[in-house]
Amino acid sequence: MLFEAYQTDSFHDEMFNADGSVRPEASLLLETLQSLEEGHLQRSQRAAERMLLQMGITFNVYGEAAGTERIFPFDLIPRIVPAAEWERIERGLKQRIRALNFFIDDIYHDQKILKDKVIPEEVIRSAASYRPQVHGINPPGGVWCHITGTDLIRHGDGELYVLEDNLRVPSGVSYVLENRDLMKRTFPEVFEGLRVRPVDDYPSNLLDTLESLAPPHRGEKPVVVLLTPGMYNSAYFEHTFLAQKMGIPLVQGSDLIVEDGFVWMQTTKGPCKVDVIYRRIDDDFLDPDVFRADSLLGVRGIVAVYRRGNVTLANAPGNGVADDKVIYSYVPDMIRYYEGEDAIIPNVPTFLCWRDADRQHVLQNLDKLVVKAANESGGYGMLVGPHSTKAEQDDFADRIRENPRNYIAQPTLALSRVPTLIGDKLEGRHVDLRPYVLYGKNLQVLPGGLTRVALRKGSLVVNSSQGGGSKDTWVLAGGVNGH
Amino acid sequence: MATETRPLLSRVADSLYWMARYMERAENVARLLEVNLHLQLDLPLDGNQWQPVIDTCGEAPLFRKLYGEATQESVIAFLAQDRDYSNSITSCLFAARENARSVRETISSETWEHVNGIYLKVLKQYAQPAEDLSPEVFRDLRLAGHMFQGITDATMSHNEAWHFVRLGRQMERADKTSRLLDVKYFMLLPSASGVGTPYDDLLWSAVLKSASGFEMYRQSRGKISPREVVGFLVADPDFPRSIRHSIARAADSLDVIREGAVCDSVRLLGELRQELDEMDVGQMINSGLHEFLDNLQLRLNTVSAGLQRDFFALRPQTQTQTQTQPVGGE
């Protein structure tokens, strides 16, 4: 039996209550799983893995030989989000992204929030992702974060918290779509009787969003392209996937040139004007004239064209200022400042090491806290206190003393768990959730998201580069099964 | 630019063209090996037919340096498995896949999954020593090549991108058929002009089979004769691997791609097509088949270089793929 020895181990389990009874939204799924014949789940799991390899759904791992590809492990047991909870998540994300967008626009214009002393000016100036080069730019509609992936976690208290905002070039949405597809192909019986909200329309919505950003007077069908750093980027699969699903060209920096104040792509019939660029290249590498001069990935002069409004870049350069983990701790204040509301989804309590009192506390509790570099992502530059060695803690203590602005710390969270196939039986593994939000003419939240799962027993790190996998995320439609 | 069709990036066109060439090249090498393995079974013990396979690929000096004597094992190790030799089956499939990977958004998912699947399968199959490799793996690859053509034809719109795929395939085919003929003809000629041994038919049949042309030859030409085989493989208007047919289809695609624009590659390929249409095969053989084929290969390379200038290298700094093989025959 799959669930025979299953234990929730005093963690919040997304499928079972603390007393071991099944949560109402998961009861049908549990019935289906229990009715499967011996070995069926394992066979479906292997079929899914073969399919991933055949479909070339892989990512590249930095630090290994160029072109080394791995599949992103996929687990067949879905994570279920009931309708009412999703409704709240959706409202909370829209509120948050709206405030972050106000904030970015403010920072690159009047900086009212600094003048009103809600956020110390010093925090902005010292943020590694702050880009004075984009000051005064007016992106179409005043939108700076067109595509966002916000990381949510559920703590032992059963509450959802925002762990991180990913505004720069968030990745992973292709896995949301592929995971669903894979589930339908390898394990169709689990959908029976449930009303799972579809995710398939994401590429259409993304294309609509991008087309809505075109500079004025570009006609009915603006030219939208996706700019990738190339085949050896860790998210290359996603770039091709999205370009293919949207039916737009996938371009590299070397395919584009700036001439006569516009951006052109080099085609077999000569140059062709480009209106909107969904860029998956970091700010730093976008334009050697403005950012890093040694970048070979970007396009020289592209930011000047953007500033003049002759091409639109999505996401807007400079928006990463709101990704900074110190600035993150001020997001509830931003929501209050710009929208006059309390945050619907709370932040994780955060200690800022540049504050003397906070730093003292952090240094004394390194074995209990999670320490993160303020401007890193992908699980790099991170210390998980309870799972660390004394040497690692000492190393981080030195780094914090050396550059306190660059470090924050948070309590070690008891991330909620979802049953996951490990060998021949199911065991609880910790998960987070990254929903995706589009912001063009209005805000749209994809009903679902990427549920990342830490496959190593006890591990809290869900990043793909650190032994994480993913699961399908089922947002239930309201009505019979949603509550 | 106000066109209705989606513009095609120069880089993408380049990769589509080479993806198709590499798939075709891998298939041709596989067929050559497959036919030769079968042929071996029918020949007397001293009839080693492996050196000619290397000659067909135009790689005799390199092979001699790396492997010495041409045996079944060494030739298979070189042509099928050697990752350091850029035109081995594994290298070709790797290159085809890398090109496919870089244009995944343009080709259909089916095309990508096929190319990826073949690469992964061959990587696994060919990992064993050459002597353990069953002839089946070459047959599999030949079928995979046919499937590649079928999948691109059936799942991609026959738009500019598809025409670059077809152009690549046809250019490679013309090149490969000419190489095959060049080597085989001179190797076989002495015995063909003589009384004729029981092996003549066998060897010429093998040449036809190497181009998947034996049955179709029989239907249109009947008895095996060297001149007829040459006529069939060079100038048959209907056989899909004849040089004339390959060039004609390549020229068709190039006509669609260029949309009336005049450029070197179009002019060169058009001239070649016309010459083949009007050619007197008997006269060509009398004045020198080898000279004709050698010249043909040079001109195909010129066309390829023209494509580079006219379509692929429109961007300022381009890295060209120089994946031609040596022009052989001497």
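Trainee: Hi! In which sense do E13(A) and strand E16 of chain A pair, and over how many bridges?
Mentor: Hi! Keep in mind that this is a predicted model. E13(A) pairs with strand E16 of chain A, residues 407–411, in the antiparallel sense, over two bridges.

Trainee: What sheet do E13 and E16 of chain A sit in, and what's the strand order?
Mentor: They belong to an open sheet of four strands in chain A, ordered E13-E16-E14-E15, with antiparallel pairing. Strands E13 (351–352) and E15 (382–384) of chain A are at the edges with a single partner strand each, so each has one side left without a neighbour in the sheet.

Trainee: And what holds paired strands together in general?
Mentor: Strands of a sheet pair through backbone hydrogen bonds, and they can run parallel or antiparallel.

Trainee: Okay, zooming out. Which domains does chain A have?
Mentor: The domain assignment gives domain 1, made of 24–345 plus 413–475, and domain 2, covering 351–411. Their C-alpha centres lie 26 Å apart.

Trainee: How many residues are in contact between domain 1 and domain 2 of chain A?
Mentor: In chain A, 14 residues of domain 1 are in contact with eleven residues of domain 2. On the side of domain 1 that touches domain 2, you'll find five nonpolar, seven polar and two charged residues.

Trainee: New topic! How many residues does each chain bring to the contact between chain A and chain B?
Mentor: Chain B brings 23 residues and chain A brings 22 residues.

Trainee: Which helix of chain B gives the most to the side that touches chain A?
Mentor: H6(B) does, with five residues. Helices H1 (10–42), H5 (89–102) and H6 (109–125) of chain B each supply at least two residues there.

Trainee: What kinds of residues are on that side of chain B?
Mentor: The side of chain B touching chain A has eleven nonpolar, five polar and seven charged residues.

Trainee: Back to H6(B): at what angle does it pack with helix H7 of chain B?
Mentor: H6(B) and H7(B), residues 136–155, pack at an angle of about 170 degrees, and their axes are 9 Å apart. Angles over 145 degrees count as roughly antiparallel, so H6(B) is roughly antiparallel to H7(B).

Trainee: Which residues meet there?
Mentor: From H6(B), the residues include Val115(B), Ile118(B) and Val122(B), while those from H7(B) include Leu141(B), Met147(B) and Phe148(B). The residues of this H6(B)–H7(B) contact divide into nine nonpolar, five polar and one charged.

Trainee: Thanks, that helps!

Note on methods. Residues numbered from 1 in each chain as written. Chains lettered and ligands numbered in written order. Predicted model: local features only at pLDDT ≥ 70, side-chain atom pairs only at ≥ 80, totals over all residues. Pairing = 2+ DSSP bridges. Domains from an automatic or database assignment. Contact = placed C-beta atoms within 7 Å. Nonpolar A, V, L, I, M, F, W, Y, C, P; charged D, E, K, R; others polar. Axes fitted to C-alpha atoms, helices over the stretch in contact; angles between N-to-C directions. Parallel < 35°, antiparallel > 145°, perpendicular 65-115°, else oblique.
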